[in-house]
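These are my notebook entries on a structure that I looked up.

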Amino acid sequence: MNGGPKVWLERISKTYHGIPYEGRPLREQSAHMSRGDHVPPGSAGKRRAGQRGTGTEILSKARYAKLQDATTVLSIIRNRGERGLPLKNLYRQLYNPDLYLRAYAHLYHHDGAMTPGATEETADGMTLAKIDRIITLLRQERYHWTPVRRTYVPKKNGKQRPLGLPTWSDKLLQEVMRSLLEAYYEPQFSDHSYGFRPNRGCHTALNTIKHTWNGTRWFIEGDITRCFDEIDPQLLLAILRERLHDNRFLRLIQHLLQAGYVEHWTYHVTPSGTPQGSGVSPILTNIYLDKLDQFVEQTLLPSYNRGETRQTNPAYRIIHKRMHRCKQAGQPTEARELRKALQRLPQGDPHDPHYRRLRYARYADDILLGFAGPKTEAEAITRQLGSNSRS
């Protein structure tokens, strides 16, 4: 923080594409007395010898101490996630302007940044004063989410998917919340989850299936119907409450889920679900469905995985021995024919009663399991998975 708020503000403004700022430096504009007193800008750190610090000075020092750069904040949060420690005082991180500048740098080049929501506000004309207004409302716990504007996008099957378009301020704040949640929960997510995660995607899932799901006989495919629309908000908040010990942050998420939407200039409530198009919907859905991942990993996979390798297929073993004898007897033509027959047979016994292998992958609300075993057990897995998804 050498050089004071003006130097700090100039540095981060240049770093983040020179966003214009209307008015005084951000720190001076937001400084105020905790009891309503006012101190002229630049005098917050001055006091006479032997005199206790004023409320403004204490508040100013606390802000300078806590407003770390975004990379440091996210790395600390990620470290707690890696160690499985609960997260407290997450709401305070929403006061950090550097997180909003980072969110702006992530959002401004997207086509949706210029798409209006229920109001005409877009990324055009973005200023640091707007960030300051958001932070001020959050400090006073008076930030209100604007209902999203609902539109529809066509699906491949001819149906339409509802899409919510938030206002720019809501989108910016949601991106900050998403970055905080992702930093904490990403190290805890399952390796079998591929949707809406950094450095993962559908091609990552397909490559894993192609190279590691060897010997799979049955595929169990599942799709959670209207997953985004049917998420239970109370259950989602209960899951978040297990790790996030910050009621103010949880209330902010609850109010977001209950903000509703506007369609044809008519307001509608949202009793359930997370709106598609919201910046935090993907991470909240992954947090919600991580319980399903845990059920598969802790219950299904241990129950249906046994044996290290299959026993050798008897038919494969017989032909292999005949081919070896033909080679020793100097009969290359017969050996080549037997080799072709050998390539059409599995080396392992597909009916080995001591070997089972179940594999799992999830991309958002699409689920795929691969099973090497009898059909009856594959049907039992389907029933167990279906009953757990409904519960």
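The entries below cover a sheet, a loop and a pocket.

**Entry 1: the model.** I recorded that this is a predicted model, in which local features need pLDDT of at least 70 and side-chain atom pairs count only at pLDDT 80 or more, while totals for chains, interfaces and linings use all residues. Residues are numbered from 1 along each chain as its sequence is written, and side-chain values use heavy atoms, with hydrogens and water left out.

Entry 2: I looked up an open sheet of three strands, in the order 4-9-8 with antiparallel pairing. I noted that helices (H or I, at least four residues) and strands (E, at least two) are DSSP runs numbered from the N terminus, and that two strands pair if DSSP finds at least two bridges between them. Strand 4 (218-223) and strand 8 (357-363) are at the edges with a single partner strand each, so one side of each has no neighbour in the sheet. From one strand to the next, the twist averages 15°. Seven bridges join strand 8 to strand 9 (residues 366-372) in the antiparallel sense. I found that Tyr360 has Leu369 of strand 9 as its bridge partner.

**Entry 3: a helix across the strands.** Helix 12 (residues 281-304) lies across strand 8 and strand 9, and runs at about 175° to strand 8. Such angles run from 0 to 180 degrees between N-to-C directions, with axes fitted to C-alpha atoms, for helices over the stretch in contact (heavy atoms within 4.5 Å).

Entry 4: Most residues other than glycine have a negative phi. I found that Phe196 has a positive phi, near 55°, and that Asn199 has a positive phi, near 60°. Phe196 is in the loop between helix 7 (168-185) and helix 8 (202-212), and Asn199 also lies in the loop between helix 7 and helix 8. Are these residues buried or exposed? Phe196 is partly exposed, with a relative accessible area of 44%, whereas Asn199 counts as exposed at 80% (buried is under 20%, exposed over 50%, partly exposed in between, with a 1.4 Å probe and protein chains only).

**Entry 5: the pocket.** I noted that 44 residues line the largest pocket, and that Arg161, Pro162, Phe228, Asp229 and Gln276 lie nearest its centre. A pocket is an open set of points on a 1 Å grid over the protein atoms alone, where a 1.4 Å probe fits, with protein on both sides within 12 Å along at least five of seven lines; lining residues have an atom within 4 Å of a point. Strand 3 gives the most to this lining, with five residues.
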